[in-house]
Amino acid sequence: MEPSIRRLKFSSDNTFHAAVRRRVATHLRETGRRERDCFEMYLKTALIFASFVATYVLLVFVASAWWQAAALGATLGLCVVAIGFNVMHDASHGAYSERPALNRLMVLSLDLVGGSSYFWHWKHVVFHHTFVNVAGYDTDINLAGLGRLTPHHPRASIHRWQHWYVWVLYAVMALKWHLYDDFRLVLTGRIGPHTVAPPRGRDLAIFVGGKVTFWTIAFVVPLLLHPFWVVASVYVLTAAVTGIVLGTVFQLAHCVEHADFPLDHSPGHIDNAWAIHQVETTVDFARASSLATHLLGGLNYQIEHHLFPRLCHVNYRAIAPIVELTCAEFGVRYKHNPTVLAALRSHYRWLRHMGAAPATG
Ligand SMILES: [Zn+2]
């Protein structure tokens, strides 16, 4: 398979981008905030990994009743999500540390919990971040025909129920990722309309080492101590919790009302400048909640994340008012939902709207 990446050209007017970058840089300098290598981030990393290890040890070596296993399995799923949102995601963007080696080390946490940092780089850092919400380019809005997230995908009659069943798709997402997706990718390299080169050398060693490590901790060690059906049940529960939280949170910023879904009207060209495209395809949520910001690794500030992907997420809250003001000044639409619940309801309404049959007559 030959690598082939679909590319888009954005308008070259970078006035807004230059202004927002300049103002945020000035603010960070004047307030003495570190862009990366932030103390809060190191503390969070230690707490999250300690929770992950403690929960795993209790689940595999201590739990003796079904309800203990269920509670610990669900908690382990949340720990995996916390690693993904807080540590791996920042590191994959080079936002964790100034030192590339530390970013490369922290991103391996994804391989530890069953994903592949190699394919995440392509799927998220390259295809999603460059082509947000553009049908035929951004693979995050492609649910393989089972769901319709953009007005530019064809509607099927099953989609009228998608606001009810899409949560099940999210729930099986992590399971499918662990057991199928990465293995298919290593063989075909196909991510939506793009084909990427298979991992080689160091990347291949990490891919194989990651899979061996994950399968050992997820299946081999538990199977030495517990019956198959117990291990399988707890695994499905853990993966379902991971999938539903992961799937939902990533959709709350882009697949909601007020997010744009631009098209390349002339093929390969987007009318807007790249930075304006990032803002108008994204909707922040729960900006006033420190709890949401910490638990979600700043994914509630996705406008700021998309404009400043190499800035550690602990800074997003401080720069959001500057971004919002600059957007107002340049006539760029900046939208946010006030709470997590409001964002969830907006995602639900968007799914219902996208699945509904068009009015006739
Ligand atoms: Zn990202």
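Colleague: How are the donor residues of the zinc ion spaced in sequence?
Modeller: This is a predicted model. In sequence, the zinc donors follow the spacing H-x3-H-x30-H-x4-H-x175-H.

Colleague: Which protein atoms are the donors of the zinc ion?
Modeller: The donors are the NE2 atoms of His89, His93, His124, His129 and His305, and they lie 2.1 to 2.2 Å from the zinc ion.

Colleague: Are His89 and His129 buried or exposed?
Modeller: Both His89 and His129 are buried.

Colleague: Let us turn to charged pairs. How many salt bridges are there?
Modeller: The count comes to 10 salt bridges. One of them joins the side chains of Arg36 and Glu98, with an N to O distance of 3.2 Å. This pair links distant parts of the chain, 62 residues apart: Arg36 sits in the loop between helix H1 (15–31) and helix H2 (39–62), and Glu98 in the loop between H3 and helix H4 (100–107).

Colleague: Is Arg36 buried or exposed?
Modeller: Arg36 counts as buried because its relative accessible area is 8%, and buried means under 20%.

Colleague: What about Arg287, which residue forms a salt bridge with it?
Modeller: Arg287 forms a salt bridge with Glu324, and their closest N and O atoms are 2.9 Å apart. Glu324 lies in helix H13 and Arg287 in the loop between strand E5 (283–285) and helix H11 (290–295), so the bridge ties together parts that are 37 residues apart in sequence. Arg287 is buried, with a relative accessible area of 17%, while Glu324 is partly exposed at 28%. Elsewhere, salt bridges that share partners join Glu35, Arg36 and Glu98 into one network.

Colleague: And Arg333, what is its salt-bridge partner?
Modeller: Arg333 forms a salt bridge with Asp260, with the closest N and O atoms 3.4 Å apart. The two come from distant parts of the chain, 73 residues apart: Arg333 is in the loop between H13 and strand E6 (335–337), and Asp260 is in the loop between helix H9 (228–251) and strand E4 (269–273). Arg333 is partly exposed at 32% relative accessibility, and Asp260 is partly exposed at 26%.

Colleague: New topic: how many residues are in the largest nonpolar core?
Modeller: The largest nonpolar core has 42 residues, and those with the most contacts inside it are Phe52, Phe85, Tyr96, Trp120 and Leu296. The elements giving two or more residues to this core are H2, H3, H4, H6 and H9. H3 gives the most, with 12 residues. In soluble globular proteins, nonpolar side chains tend to be buried together.

Colleague: Which residues does Phe85 contact?
Modeller: Leaving aside neighbours within four places in sequence, the contacts of Phe85 include Val245, Leu246, Val249, Phe250 and Leu296. Apart from this core lies another, of 21 residues, among them Ala275, Tyr301, Ala320 and Val323.

Colleague: Which residues of H13 are buried?
Modeller: In H13, the buried residues are Tyr316, Ile319, Ala320, Ile322, Val323, Thr326 and Cys327. An α-helix has 3.6 residues a turn, so residues three or four places apart point the same way. The buried residues of H13 pack against H1, helix H10 (274–280) and H12.

Colleague: What span should H13 have?
Modeller: The 15 residues of H13 should span 21 Å at 1.5 Å a residue, and the end C-alpha atoms are 20 Å apart, which agrees. After H13 comes Gly331, whose phi is positive, near 70 degrees.

Colleague: One more residue: where does Asn315 lie?
Modeller: Asn315 lies in the loop between helix H12 (302–307) and helix H13 (316–330). Asn315 counts as buried because its relative accessibility is 2%. A polar atom of the Asn315 side chain lies 3.5 Å from the backbone oxygen of Glu35. Not counting residues up to four places away in sequence, Asn315 touches Leu28, Arg33, Arg34, Glu35 and Cys38.

Conventions
Residues numbered from 1 in each chain as written. Predicted model: local features only at pLDDT ≥ 70, side-chain atom pairs only at ≥ 80, totals over all residues. Heavy atoms only, no water. Donors = N, O, S within 2.8 Å, 3.2 Å for Na, K, Ca; no water. Buried < 20%, exposed > 50% of the residue type's maximum accessible area, 1.4 Å probe, protein only. Helix = DSSP H or I, 4+ residues; strand = E, 2+ residues; numbered from the N terminus. Polar contact = N/O pair within 3.5 Å; in protein donor to acceptor, adjacent residues only side chain to side chain. Contact = heavy atoms within 4.5 Å. Salt bridge = Lys/Arg side-chain N within 4 Å of Asp/Glu carboxyl O. Core = buried A, V, L, I, M, F, W, Y, C linked by side-chain atoms within 4.5 Å. Expected span 1.5 Å × (residues − 1).
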